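Biologist: I am new to this model. Please take me through a few parts of it.

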Amino acid sequence: MNERETGFRRWLTDFLEQNQGTISYYEALNSGAYHCDCSQTTIGRYLKKWAYSREILFVPTGDKTMNGHLIYNVKLNQT
């Protein structure tokens, strides 16, 4: 894990702890890219890699985008 990925994880963990434990996937993508000086593509990879470890979860909101894709929230796995 590189320095930027570590910084992103730290930023997202702090954000989730301060904001009721959830953030929309797209907000995590865009804000993470801004705060960690990475591209949105890179942040997307970090999120997916982190989710495979089961430390964070993608939770469907039940809503869809205009293109019909499900909208997800990101939350810490509390197990």
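Modeller: Helices (H or I, at least four residues) and strands (E, at least two) are DSSP runs, numbered from the N terminus. This is a predicted model, where local features need pLDDT of at least 70, side-chain atom pairs count only at pLDDT 80 or more, and totals for chains, interfaces and linings use all residues. Residues are numbered from 1 along each chain as its sequence is written, and side-chain values use heavy atoms, with hydrogens and water left out.

Biologist: Does Arg9 count as buried or exposed?

Modeller: Arg9 is part of helix H1. Buried means under 20% relative accessible area, exposed over 50%, partly exposed in between (1.4 Å probe, protein chains only). Arg9 has 15% relative accessibility, so Arg9 counts as buried.

Biologist: Which residues does Arg9 touch, not counting those up to four places away in sequence?

Modeller: Contact means heavy atoms within 4.5 Å. With residues up to four places away in sequence left out, Arg9 touches Met1, Trp50 and Glu55.

Biologist: How far apart in space are Ser31 and Leu12, C-alpha to C-alpha?

Modeller: Ser31 belongs to helix H2, residues 25-36. Its relative accessible area is 21%, so Ser31 is partly exposed. Ser31 and Leu12 are 19 residues apart in sequence, and their C-alpha to C-alpha distance is 9.2 Å.

Biologist: Where is Tyr72 found, and is Tyr72 buried or partly exposed?

Modeller: Tyr72 is in strand S3, which covers residues 70-76. Its relative accessibility is 31%, so Tyr72 counts as partly exposed.
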